[in-house]
Amino acid sequence: MSNTRKLFENLSGAGKSIAVLTSGGDAQGMNGAVRAVVRMGIYVGAKVYFIHEGYQGMVDGGDNIKEANWESVSSMLQVGGTVIGSARCSDFRAREGRVRAAFHLVSRGITNLCVIGGDGSLTGANLFREEWSSLLQELVQSGRIDQHSADSNSVLHIVGMVGSIDNDFCGTDMTIGTDSALHRIMEVVDAIMTTAQSHQRTFVLEVMGRHCGYLALVSALACGADWVFIPEMPPKDGWEEQMCQRLSENRADKKRLNIIIVAEGAIDSSNKPISAEYVKDLVVNRLGYDTRVTILGHVQRGGTPSAFDRILASRMGVEAVLALLEASPGTPACVVSLCGNQAVRLPLMECVQMTQDVQKAMDEKRFDDAVRLRGRSFENNLNTYKLLSHRKTDTEVPHGPFTVAVLNVGAPAAGMNAAVRSAVRVGITEGHRMMAVQDGFEGFAKGQIKEIKWGDVGGWTGQGGSLLGTKRTLPAKHIDKIAEQMRIHRINALLVIGGFEAFEAVLQLVEARWRHREFCVPLCMLPATISNNVPGTDLSIGADTSLNAIVETCDRIKQSASGTKRRVFIIETMGGYCGYLASVGGLAAGADAAYIYEEPFDIRDLQINVEHLREKMKTSIQRGLVLRNESCNENYTTDFIYQLYSEEGKGVFDCRKNVLGHMQQGGAPSPFDRNFGTKIAAKAMQWISRRLKDFYQEGRVFANTEDSACLLGMRRRALVFQPVTQLKEETDFVHRIPKEQWWLKLRPLMKILAKYRTSYDISDSGQLEHVTRPRARDIEIAITI
């Protein structure tokens, strides 16, 4: 990665033509990717073309290939599916079809192709590229093009983006559409849970995934399903008895419902299909439970894209144009994707090969290899699910000498309960006695501490807010009483889940160690705050749910202007001094501007934004969206900006303002937050167990080293434990934000996509890497989301 600042102003698209097409099954977010490719392409001076109806449109030519302009992609971001159409195309599989497709591209001077689709679509694109020179020669020989046209279009550059709800493409952590499909599944599961509970029913849900169990596995993890069937890991022989036993154990434990999730491609160890109906009949015949089957089908492909998919699609679309501009004749066709939180470029055929190897491994019944080839993220999801799903009996769990307490601190954030559930169950599995503290450190000082068992946290993953109760009170105020409670309950380790207050709290406990040896125990903090303002982590539990609430509201607000036209909305978001929600929400909602504290602005900037909107109103896009972080400037308040825009826009547009308030904090957690909370809490408890063993001497725990008090955060590609004392240097305590924030690099994207000229640092953009094949035991190296 280059350390020098590399600006994309030096990359010009002048004289180049880029075409974008969507192919194969549709996925939510494809439109966001198309929009980003079109606008970024136009921004750098290239001509951009839509190819309608996928490869079929390329083969047929004519009106299927149209030049796009800035306004062509307006209002696309929030629409599911693909508005330029997608079709399965048998013609393109034949060489004659590819000759026709090449002719239609060459006649328009198109030599840069951006393909959004699954592995079949991308393999087809690569073959097209490999054959390109021979296709052109064939066209020259048949007299359909001259030699000059063939020479001036001699190299075809291809960049792929993976649009697939199954997340079945190796080399990328998340494909476009997967997160939205999980949203649809979780909406259904949450709704089914209420009716199942009323009637004490068992529900068997079939989700998509003919060859990949990602959707089934992650939704099972996110809703705490009793059993899951996926093609990569068939159940062992005798599973019927085992499953029925687990269902009846859960019922005996006062659980009023059972959820079983089946991927449509689920198989047993003999590669025979396992259907939802078969599972239902099994439960009815063996246990006599009232059982229903729900097949989700195409619901999973539909609906509006989630905030995550819009941001992913926008980032990848811009990245794809950069990759095309930087491509040389020797550059292999590549896929732009996300690894952890970082954009990467990977050789297309290496990814396709590895994806095909997974299927081969499954066909040959090498299921462990199949799971490993799916990648770290998949393997980790599977291991976490196994850890949490099966209740451990007293005979199975080694009872250790340790007691671990868990508490929530700060404002509530969706996903906190999923983290507590995960921590409690992993802790019990590790042999610890788990204690729950009510109402944060305030409750701690009052002794509101009680043991929490496996069954106590059942059904917690889908609950918003904080079921343990949370307060902003810091421990320094009650330090002596808290130390006394630590002593009374013999607490050997603390897991603190919360926002900036939780970070400050752990620092205060570390500072109190010299006075109170009770705090000389392993301390771990998990970041959970909608503001995403905790140092040491790129993402916090709760921020994704909040972004979705903002984006959903912005969609509705924008739609309200569709009848009136010429209206600008000023929307205030939460976040304290941290502009994450305003900036990333702005990118996901297609905002024209987002005012934040980290990027100071003055009256001239406001004037430029108003002028920009006045110009925009002259086009066919007659509405504007402006986001303002609540603490971005003490004088330029939401009211001030609203009044300024109203005055300056007189006769051109009118204004409305909206303060989103606490709706950003509420609601059921998004699938991302449920899983992020579940996975990092499991990893934190495993770390606590290791530290307890390290610091256990002569019958007691004594930990006072710097690395015995850590924050577990996601940094670029991996989850990392970082001593809180080291993170002090990275923190602005006055404004309660980290001194450096990765998402500031996304702000130019929002501006470019809103048609502002800006400087964009691309030194952090993806470099071409090779797909790393996992070694036999590669799980613990890092866990990506």
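A charge sits over a ring if NZ of Lys or CZ of Arg is within 6 Å of the ring centre and within 35 degrees of the ring normal. This is a predicted model, in which local features need pLDDT of at least 70, side-chain atom pairs count only at pLDDT 80 or more, and totals for chains, interfaces and linings use all residues. Residues are numbered from 1 along each chain as its sequence is written, and side-chain values use heavy atoms, with hydrogens and water left out.

**View 1. Arginine 251 lies over the face of tyrosine 289.** The distance to the ring centre is 4.3 Å. Arginine 144 lies over the face of phenylalanine 103, at 4.8 Å from the ring centre.

**View 2. Tryptophan 239 and tyrosine 278 form an aromatic pair.** Rings of Phe, Tyr and Trp (its six-membered ring) pair if their centres lie within 6.5 Å; planes under 30 degrees apart count as stacked, over 60 as edge-to-face and the rest as tilted. The whole structure holds 19 aromatic pairs. The pair of tryptophan 239 and tyrosine 278 is edge-to-face, with 6.2 Å centre to centre and 65° between the planes. Tryptophan 239 lies in helix H8 (residues 239-252) and tyrosine 278 in helix H9 (residues 276-287), so the pair ties together parts 39 residues apart in sequence. Helices (H or I, at least four residues) and strands (E, at least two) are DSSP runs, numbered from the N terminus.

**View 3. Phenylalanine 503 and phenylalanine 733 form a stacked aromatic pair.** Their centres are 6.0 Å apart, with 10° between the planes. Phenylalanine 503 is in helix H17 (residues 500-511), and phenylalanine 733 is in the loop between strand E26 (731-732) and strand E27 (737-738).
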